Amino acid sequence: MGKPKVATVWLEGCSGCHMSFLDLDENLLGILEAVDLTFTPITDFKDYEFPELDLGIVEGAVANEEQVEIIHKLREKCKFLMAWGDCAVFGGINMLRNPFQVEELLRRGYVETESVVGGVLPAHEDLPALLPKVLAVNEVVTVDIYVPGCPPSPDSIAYALKEVVAGRTPQLPAGMLHFD
Amino acid sequence: MEQKVEISFKIDGKEVKVPEGATILEAARQHGIHIPTLCHHPDLSPYGGCRLCVVEVDGGPKLAASCVTPVRNGMEVATNNERILEARRTILEFLFAERNHYCMFCAQSGDCELQNLAYEFQMDHLTVPVLGQEFPVDTSHEDIVIDHNRCVLCGRCVRACRELAGNAVLDFQNRGGRTMIGVDLSQNLGESSCVSCGLCIQVCPTGAIFNRHRTHYAVKGKVKDWQMVESFCPECGLLCPSIYYVKANNLIKIDGRLPSDMPDRGQLCRKGRFEPLKTSKPRLTRPLERDGDGGWRELTWEEAFARVIKGLADVREAYGGQALMGLISSGCSSEELGAFRYLMVKGWQAGYLDTLDGGHFRTLIAATEGVGSNFKEAPWGAITEADLVLQIGADTSKSHPIIGALIRRAILENKAKTAVMGTENTLGEWAGEFLEVSQEDLPSLLQALLIEAGRRSKGKPSKDFYRRWASKAFTGLVNLFNQADNPIVIVGQDLTGRPDPSGLQLAFDLADLKGRLPGGVWRLVVLKPAGNSAGAWNLGLAARQGLNGHKPVKGGLLCLAAEDDLEPGLKERLSGLEFLAVLTPYFTDELRAAKILIPKPIWLETGGTYALADGSGSRFVKRILEPPQGIRPVEQILAAIGPRD
């Protein structure tokens, strides 16, 4: 194949995994020469109409209805899907909200906060609804490659990318696999 | 005659021989074959709960848990074929999915056996959805927090609390998916019979049971960067082996040393495991001088030294060396004690030298006068072998919690009986009989007990006895004593703290009614007030006479180990001195009697030799931390305040 086409998205994440990717510093140049990086949230893109991709990368868990749409769109267009970080792989810190009902959460966040007077629950047709439970990406679509970490180290991201470019399924070596 | 039978069997195709009774896991470990485990702990009885150690035996349809399966002649064991590895991976995934095992916000991350297994198995995602059950977090206890969401039901805490601590507070409760670790009969930990030994924290493989102090601690960093120091705890005289973890001069955690062949089985008590992590008392960091308005003024070290020397010299010049006094806490190391004595006696020729617990020493000496230097106390291990333990005038739960643990073990394992005589029943429900008696009345009770228990003749007890002591509890106590073959008597501060030694003597006579242990050892454990009381007394730092009997004292030096309690009588006496300098780690306004306060390190920052309280030797306690900036080592301070002539 020519240079593999790659796109990344972030869903319910903190962007830390993308920052870790950027922490590759000068090694980014080598990666950018090896792949054709199309859309990423770091560069400026306006919609999620992806081209045909060889590799899709997702950071963050699936927590609202918009993110369900986005991840489906990405999954449809990419041959392989790679999940970066504990949020995408396991659900991550976002799972802290799962014991609670969505209405409870919104009330606590918008009405019952200590500094708010006359708060109202946000409701607008443009606002994506929260899912009842935060989901790991592989609970919504099939994921092919997992790079856990919070964030995954730049080395593990580089390793995973290099393996995929070489046509192999990455298996993170000991020392590169960590959940924190 | 016992014959060691050897079993020979094949493991992974290799022919091996092990003693009969060994489990497959033990055999594998002896021959360097790795089998992962989680609920297994080398110092606890095997449980077979987690099933991560499963192996294939003779190609059978069900995999066996190797930690609880004994070896058999001719068996063929496979430990790592594809079927086994698949099973183990699935078990691990189920463990993760069953509860809340999110590493990214768990303080245990980096130091967690469940996480390590995931790394070992290269588990980089879950193929089963997380169950999402919520369990409570029990934060009711002062030192120990239980987050049931992180529990893997390995049962190590249950086994440790029963088998090592001898307390049996924790056990499984509920069933099936709702199983969790219960405390007593469904109490919160803070309201339970937990004695805060912290063994559960030490053996818990995950972050389910954790230390309330310093677990969420900014300086912790990565476990691999911690410094690990093996030493001993000098708080009470038992000198339990301990491991101190330090990062950048901060104490992170303290573990007991497992495995252990000491009678305490490697446990620590809350004094040794938690107290050092809790200190936020303000340290004295600069020398202070009392100013005219009742406040304090800072001095430089050189100024402070000069004023101490002048103060002591002035008293000596006016009244002679007889008027100088040196008082030191028996919590100090033997090296400090020795240097202090040298300074005061050889240096200042002080007329009076004593320890803060000297009163206990004097009472003990008076009580053992008849016995002389042949008085040998029982080693603490004897408590676990006893069939009757008498706790007289002591509060082991406060002063010597490990002794309390040994008593509970004697009850659990030896079916020992116990009786408590004192102001409070500190053994709680563990005590067979409890006789509430004040410190003043204790000798009278012991006298009555001696008469009743030692009665050979058919004489009747006096009317006075019936009036004061006859009760069901007392009769029960007498019966317990008479029936015992191997009693141990533990005496504490209610007896040793009285200037009149007769009460203590009665306890000695009581112990002797049943004869001695081998080697002429008395059936007696005398609890010492401070961590190095035995050391201080052996070094001759305790005076033969109390301070009140030595009237001419007009000035002197007081050396504290920590926030030592000063008796009101002593405080008053000190207030009457013309000059008093105090070496102390903590500032307390209580030390108003002092003219000069000089900061000194605590034992964590000094280390030194401490004597075992049962007289069986001593241990060297290592220096764990550097003192706060500016605080000079004790030797330097003592060297700088010698007389200048």
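Guide: A note on terms before we begin: helices here are DSSP runs of at least four residues, and strands are runs of at least two, numbered from the N terminus. Please also bear in mind that this is a predicted model.

Visitor: Understood. How many helices and strands does chain B have?

Guide: Chain B has 22 helices and 27 strands. Its C-alpha atoms fill a box of roughly 95 × 75 × 45 Å along the principal axes.

Visitor: What share of chain B is buried?

Guide: Of the 645 residues in chain B, 47% are buried. As for contacts in chain B with a separation of 6 or more, 69% are between residues 24 or more positions apart.

Visitor: Which domains does the assignment give for chain B?

Guide: The assignment lists domain 1 (6–80), domain 2 (132–278), domain 3 (288–357 + 534–640) and domain 4 (380–520). The centres of domain 1 and domain 4 of chain B, taken over C-alpha atoms, are separated by 48 Å.

Visitor: Now the contact between the chains. How many residues does each chain give?

Guide: Chain B contributes 16 residues and chain A contributes 20 residues. On the side of chain B that touches chain A, eight residues are nonpolar, six are polar and two are charged.

Visitor: Let us turn to helix α2 of chain B. What is its span?

Guide: Helix α2(B) covers residues 82–98, 17 residues in total, and reaches 24 Å from its first C-alpha to its last, close to the 24 Å expected.

Visitor: Which of its residues are buried?

Guide: They are B:Arg88, B:Ile91, B:Leu92, B:Leu95 and B:Phe96. Seen down the axis of α2(B), these buried residues fall within an arc of 135 degrees, so they line one face of the helix.

Visitor: Why would such a spacing put residues on one side?

Guide: An α-helix has 3.6 residues a turn, so residues three or four places apart point the same way.

Visitor: What covers that buried face, and what is on the other side?

Guide: The cover over the buried residues of α2(B) includes β3 (54–57) and α3 (113–120) of chain B. On the other side of α2(B), B:Glu82, B:Glu86 and B:Thr90 are exposed.

Visitor: And helix α4 of chain B: how many of its residues are buried?

Guide: Seven of the nine residues of α4(B), residues 156–164, are buried, so this helix is largely enclosed by the rest of the structure. Among the buried residues are B:Arg156 and B:Arg159, as well as B:Cys157 and B:Cys161.

Visitor: What do they pack against?

Guide: The buried residues of α4(B) pack against β8 (170–173), β9 (180–183), α5 (199–203) and β10 (209–211) of chain B. After α4(B) comes B:Gly166, with a positive phi near 70 degrees.

Visitor: Which residues touch the most other members of the largest nonpolar core?

Guide: In that core of 230 residues, they are A:Val58, B:Cys200, B:Ile383, B:Ile490, B:Val491 and B:Ala507. Helix α13 (residues 401–414) of chain B supplies the largest share of this core, seven residues.

Visitor: What is B:Ala507 in contact with?

Guide: Leaving aside neighbours within four places in sequence, B:Ala507 is in contact with B:Ile392, B:Leu446, B:Val489, B:Val491 and B:Leu495.

Methods: Residues numbered from 1 in each chain as written. Chains lettered and ligands numbered in written order. Predicted model: local features only at pLDDT ≥ 70, side-chain atom pairs only at ≥ 80, totals over all residues. Buried ≥ 20, exposed ≤ 12 C-beta atoms within 10 Å, placed from the backbone. Contact = placed C-beta atoms within 7 Å. Nonpolar A, V, L, I, M, F, W, Y, C, P; charged D, E, K, R; others polar. Expected span 1.5 Å × (residues − 1). Arc of directions from axis to C-beta. Domains from an automatic or database assignment. Core = buried A, V, L, I, M, F, W, Y, C linked by C-beta atoms within 7 Å.
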